[in-house]
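This report describes the structure shown below.

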Protein chains: 2
Amino acid sequence: MTETQTDTVGAGNPSAPTVFFLSDSTGITAETLGNTLLTQFPGHPLERRTIPFITTVEQAHEVVAVIDQLAAAGPRPIVFSTAVSQDVRSVLARSRGHFFDLIGAHLGQLEDALGSSASGQPGQAHGVGDAVRYQSRMAAVEYAIEHDDGQSLRALERAELILIAPSRCGKTPTTMYLALQHGILAANFPLVEEDFASLSLPKPLLPFANKCFGLTSQPVRLSQIRQERRPGSTYASLNQCTFELRNAEDMYRANNVPYVNSASMSVEEISATVLQRMQLHH
Amino acid sequence: MTETQTDTVGAGNPSAPTVFFLSDSTGITAETLGNTLLTQFPGHPLERRTIPFITTVEQAHEVVAVIDQLAAAGPRPIVFSTAVSQDVRSVLARSRGHFFDLIGAHLGQLEDALGSSASGQPGQAHGVGDAVRYQSRMAAVEYAIEHDDGQSLRALERAELILIAPSRCGKTPTTMYLALQHGILAANFPLVEEDFASLSLPKPLLPFANKCFGLTSQPVRLSQIRQERRPGSTYASLNQCTFELRNAEDMYRANNVPYVNSASMSVEEISATVLQRMQLHH
């Protein structure tokens with residue numbers, strides 16, 4: 001805990017309150033819930049600062065000084081905290097910002113529900129934690145890189161999931177997300193024009209049809225994305241995109257491959273959908 | 001919202017309460033805060049189920065039926081919800097589980113702080129949201145794959161960060177995490193034996209010394225990791241690992257490259273440290 005990080009949203013706007021995400025660990029949980037709450041208030045210009053690794057009372061006092069300085073000069077900062085230590089929390093709670101104790105707010109009820117006391121140890125949610133689970137996530141990232149875009153057909157039988165789609169429908173980032181966040185061994189495989197000569201799956205995938213999940217998109221959207229990559233090409237033309245997507249969807253249906261239209265979805269939404277539909281979860 | 005997902009932790013233990021992560025969106029926020037809270041209670045065997053995309057009152061009733069069935073047969077489930085819709089929330093709140101309304105608990109205070117009302121729209125925190133920011137994340141994933149392990153020196157001047165380290169210190173998954181979660185244009189570059197002939201940075205990195213961040217590890221730990229990859233090799237020997245790490249650290253110090261010992265850190269912790277030390281944040 002020495003530096004602060006600032007994003008550029010609302011930077012330089014003196015009337016924009018600063019939102020602090022404070023943690024004795026990475027700050028990921030504070031950012032995640034804090035930002036989720038803030039999406040309920042669109043149109044508010046905000047400055048954001050994450051301060052992770054606040055582990056001592058002295059560091060907490062330094063952070064409070066920064067918050068109080070801002071509070072004196074402009075709008076009261078908004079402070080989301082996931083600090084676990086009672087000592088650190090009670091210092092942070094005394095700043096002049098609006099204080100949201102995201103952990104403390106729920107700990108009492110959870111102690112009642114589980115019939116035991118909270119450990120009070122700083123957040124381990126984003127540490128290595130369960131070493132076996134952690135290593136499986138790291139191995140999955142390697143596997144995803146090796147099997148990106150049909151590059152390797154080696155050890156395809158180890159895959160838990162094979163994402164298939166025409167180029168630029170979101171296969172690669174979705175595969176990376178599933179590997180990194182969920183430790184899913186995921187390969188991805190591009191569908192190209194030659195694959196559409198018949199309705200059957202590409203030959204290397206035939207033994208693994210039950211692991212396949214398809215992505216499709218909207219032709220206009222796909223064409224826009226491809227234009228950015230290869231402007232004016234046949235590859236990016238609306239005709240070509242329409243052809244590939246229609247044929248891919250026919251292929252998915254003919255082979256009972258579940259699929260989703262990813263045109264307006266984020267990788268997180270595609271991933272949640274894939275996990276749910278394929279009943280995959282670690 | 002049709003299926004549930006179950007992980008295997010505590011599966012088959014009839015006395016282990018089931019933890020539900022419920023959402024009208026991806027469920028990521030519910031999982032993140034819920035799991036953070038649960039790390040305060042180590043040693044409790046728990047079954048976990050994420051049910052995303054609960055968008056209608058009918059779906060909420062279906063979920064409540066599942067929870068109530070479990071509550072009748074065993075310990076009361078624990079229910080973390082980030083549903084935003086008032087209608088959905090009030091149905092979910094009437095289950096026989098212990099209900100944690102992670103959004104509702106803070107919304108009133110945040111309305112006061114911001115002086116306006118919550119929109120009530122289902123969670124957009126993990127949707128595409130800001131399209132420019134989203135596209136920058138996707139572009140960063142592509143950049144990270146192209147520049148993994150020193151594969152490409154093209155467009156290195158576009159990098160915001162170049163992670164350098166001997167093999168198997170965590171460069172690749174950290175780069176992917178920073179790209180996917182933060183949209184950081186990050187390359188990574190391996191330090192090999194020949195690089196240690198002098199204290200200066202490898203030649204391709206010389207113009208970009210200020211973008212470099214180093215990783216180091218503990219020799220014994222690194223040797224273990226390398227043994228898994230190439231058992232009995234010189235590459236994996238304790239001598240070789242000690243040599244490379246000592247020389248890498250000397251190189252970092254000689255060139256004022258900030259660095260961290262990643263031996264016991266997760267990618268999330270390494271990433272938070274890199275963002276903080278390099279003052280990078282989008």
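This is a predicted model: local features need pLDDT of at least 70, side-chain atom pairs count only at pLDDT 80 or more; totals for chains, interfaces and linings use all residues.

## Relation of the two copies

## Helix α1 of chain B

Helix α1 of chain B, residues 28-38, is mostly covered, with nine of its 11 residues buried. The buried residues are B:I28, B:T29, B:A30, B:E31, B:T32, B:L33, B:G34, B:T36 and B:L37.

Their packing partners belong to both chains. From chain A, the buried residues of α1(B) meet α1, α4 and α9. Within chain B, these buried residues pack against the strands β2 (18-22), β3 (47-51) and β4 (78-81).

## Overall form of chain A

Chain A contains nine helices and nine strands. Its radius of gyration is 24 Å, well over the 19 Å that the globule rule gives for 282 residues, so chain A is more spread out than a compact globule. The C-alpha trace of chain A spans about 70 × 45 × 30 Å along its principal axes.

Of the 282 residues in chain A, 46% are buried. Among the contacts in chain A with a separation of 6 or more, 72% are between residues 24 or more positions apart.

## A parallel sheet in chain B

In chain B, four strands form an open sheet with parallel pairing, in the order β7-β6-β8-β9. The edges are taken by β7 (186-191) and β9 (259-261) of chain B; each has a single partner strand, so one side of each is left without a neighbour in the sheet. From one strand to the next, the twist averages 25°.

Strand β6 of chain B (residues 161-166) pairs with strand β8 of chain B (residues 212-216) in the parallel sense, over three bridges. In this pairing, B:I164 stands opposite B:G214 in β8(B). Helix α8 of chain B (residues 238-254) packs on the sheet and touches β6, β7, β8 and β9 of chain B. The direction of helix α8 makes about 150° with that of β8(B).

B:C212 lies in strand β8 of chain B. With 25 other C-beta atoms within 10 Å, B:C212 is buried, because the cut-off for a buried residue is 20 or more.

Leaving aside residues up to four places away in sequence, B:C212 touches B:I162, B:I164, B:L201, B:L205 and B:V257. One of these, B:I164, is also the residue that stands opposite B:G214 in β8(B). B:C212 and B:E160 are 52 residues apart along the chain, and their C-alpha atoms are separated by 8.9 Å.

Key:
Residues are numbered from 1 along each chain as its sequence is written. Chains are lettered from A and ligands numbered from 1 in the order in which they are written. Two strands pair if DSSP finds at least two bridges between them. Helices (H or I, at least four residues) and strands (E, at least two) are DSSP runs, numbered from the N terminus. Axes are lines fitted to C-alpha atoms, for helices over the stretch in contact, and angles run from 0 to 180 degrees between N-to-C directions. Two residues are in contact if their C-beta atoms, placed from the backbone, lie within 7 Å. A residue is buried if 20 or more other C-beta atoms lie within 10 Å of its own, exposed if 12 or fewer, and partly exposed in between; C-beta atoms are placed from the backbone. The radius of gyration is taken over C-alpha atoms; the globule rule is 2.2 Å times the number of residues to the power 0.38.
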